Amino acid sequence: MRLTVIAAMFMAALAAGANAAPTAHPKNIIFFVGDGMGINALTAARIYAVGEDGEMTLDTLPESAFVKTFSNDGQAAESAAGMSAYMTGKKVNNEVVAMHGGRALTSLAELAKRRGAALGVVTTTRVTDATPAAVFAHVRQRQMEADIAAALVPGGAGYNRALGPKGIDVLLGGGTRHFLPATRADGRDLLAELRAKGYRVALDGAQFDAIDGASSAPLVGLFAPGDLAYDAVRDPAREPGLAAMTAKALSVLAQHPQGFLLVVEGGMIDVALHDSHAKRALQEITVLDTTLKATIAQMQARDPGLKNTLIVVTADHDHTMMLNGYARRTGKTTATEPGVLGLVRKVADGAPRVDADGMPFTIIGFGVGEHRVTGKRSSAPALTDAIVTADDYRQEAAVRSVAGDEAHGGVDVYLGAIGAGAGSFKGTIDNTRVFELIKAAAGW
């Protein structure tokens with residue numbers, strides 16, 4: 001029987017013997033979130049990267065579950081409510097960050113800090129965006145990003161005291177505009193305040209590379225005024241990639257003997273999907289998957305057999321991406337094969353399938369999105385593979401929206417787990433249950 005890559009690594013580590021004795025609970029918790037990474041997007045990313053019969057690292061995790069993502073007031077959650085459920089174990093209203101009834105809800109991050117564990121957050125969006133914010137902040141509206149940033153500065157006005165006297169240990173992503181005096185209404189320089197508290201601050205790729213990962217000194221890296229760039233067009237001199245940021249975070253957090261909680265978000269998946277940019281979304285999912293693979297390998301080297309480490313991967317909500325039916329198998333996307341990004345073609349002869357107007361259409365589409373032909377599709381030029389595989393192509397939608405407003409869906413999402421305590425994740429569970437299972441596994 002062929003072993004998967006992850007299973008082979010796991011068995012090899014067991015055969016080699018553990019360098020660290022297992023604890024009653026895993027002391028290291030790593031929580032990956034593909035923002036908006038629904039089942040359809042995951043399937044499309046697999047076909048894009050490795051073909052229909054290939055395996056991504058996400059496919060090889062030994063434990064899995066389906067997760068219900070509805071919020072307290074919505075059938076489809078947005079990121080603040082979805083991530084708050086994971087972090088606090090409570091349903092909150094859409095747009096609210098880790099609060100219910102005007103009261104702050106205790107988070108996994110705060111429980112971890114109470115137990116002396118370190119805390120890290122890595123994201124490809126602004127560190128003050130809804131998903132990362134739900135880890136360390138409590139605000140009535142996710143748009144309160146200046147307040148979210150202030151929650152990170154130990155001892156400062158608006159600091160979240162539940163994070164303890166030292167605060168977060170690693171914070172990497174974008175969003176400098178919410179930390180600098182010129183772009184804050186209160187004129188505070190939060191980066192200067194963080195430096196005064198002993199934080200190392202990196203603002204570009206060179207400064208990031210110079211950071212000593214063997215030091216436990218707290219680290220903040222902010223590499224863009226807003227979100228980071230898509231990985232495919234990222235300038236490494238300005239912005240480190242998700243894999244590099246995660247690896248550095250793990251190195252710093254591993255210096256803490258009481259273990260750590262690290263949250264890693266592939267946030268640009270969601271940004272791409274809202275813009276109906278399927279190609280960018282699939283590329284960003286592939287980056288998250290590559291980062292997951294590297295993280296498992298890095299932790300196996302530190303903790304053979306993952307006896308003291310639990311890694312969980314999921315999404316906060318779905319999107320309306322769909323895969324249109326009866327397309328022939330394409331295999332992965334290459335320079336000469338558009339793959340899942342291309343037109344729906346017949347199995348028998350490879351000719352494009354056509355709609356009721358006699359026009360070809362794409363494998364990937366959206367339920368809601370800004371690109372929808374008015375009237376008959378025959379009134380617009382016929383689509384070709386060259387057109388629909390372009391980097392800036394927006395797939396067509398059934399319902400027209402304003403630009404950038406493709407919608408979240410309410411479909412359950414995938415969860416995968418590996419390591420100590422992973423076996424508790426199974427079946428169909430509520431997103432609030434994920435909090436309970438992590439909390440129980442960690443003994444927090």
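Predicted model: local features only at pLDDT ≥ 70, side-chain atom pairs only at ≥ 80, totals over all residues.
Which strands does helix 2 lie across, and at about what angle does it run to strand 12?

Helix 2, residues 39-50, lies across strand 12 and strand 13. Relative to strand 12, helix 2 runs at about 55°.

Those strands belong to an open sheet of three strands, arranged in the order 12-13-14 with mixed pairing. Strand 12, residues 321-323, and strand 14, residues 397-400, each have a single partner strand and stand at the edges, so one side of each is left without a neighbour in the sheet. From one strand to the next, the twist averages 25°. Strand 13, residues 364-369, runs parallel to strand 14, and three bridges join the two. At the level of residues, phenylalanine 366 has alanine 397 in strand 14 as its bridge partner.

I turn now to helix 9, residues 242-253. Does this helix sit largely enclosed or largely open? Nine of its twelve residues are buried, so helix 9 is largely enclosed by the rest of the structure. The buried residues are Leu242, Met245, Thr246, Lys248, Ala249, Leu250, Ser251, Val252 and Leu253.

Rolling a probe the size of a water molecule over the atoms shows where empty space is left. In this model there is one cavity of 30 Å³ or more. The largest cavity contains about 60 Å³ of space. Which helices each supply at least two residues of its lining? They are helix 9 and helix 11, the latter spanning residues 278-302. The lining includes Leu242 and Met245, together with Glu284 and Val287. Also among the lining residues are Thr124, Asp231, Arg234 and Glu239.

Finally, I consider alanine 281, which lies in helix 11. Its relative accessibility is 0%, and alanine 281 therefore counts as buried. Beyond its neighbours within four places in sequence, alanine 281 is in contact with Ile269, Ala272 and Leu273. By way of a further distance, threonine 309 is 28 residues from alanine 281 in sequence, and the two are 29 Å apart in space, C-alpha to C-alpha.

How values were computed
Residues numbered from 1 in each chain as written. Heavy atoms only, no water. Pairing = 2+ DSSP bridges. Helix = DSSP H or I, 4+ residues; strand = E, 2+ residues; numbered from the N terminus. Axes fitted to C-alpha atoms, helices over the stretch in contact; angles between N-to-C directions. Contact = heavy atoms within 4.5 Å. Buried < 20%, exposed > 50% of the residue type's maximum accessible area, 1.4 Å probe, protein only. 1 Å grid on protein atoms, 1.4 Å probe; cavity = no way out; pocket = protein on both sides within 12 Å on 5 of 7 lines; lining within 4 Å. Points joined across faces, edges and corners; volume = space filled by probe spheres on them.
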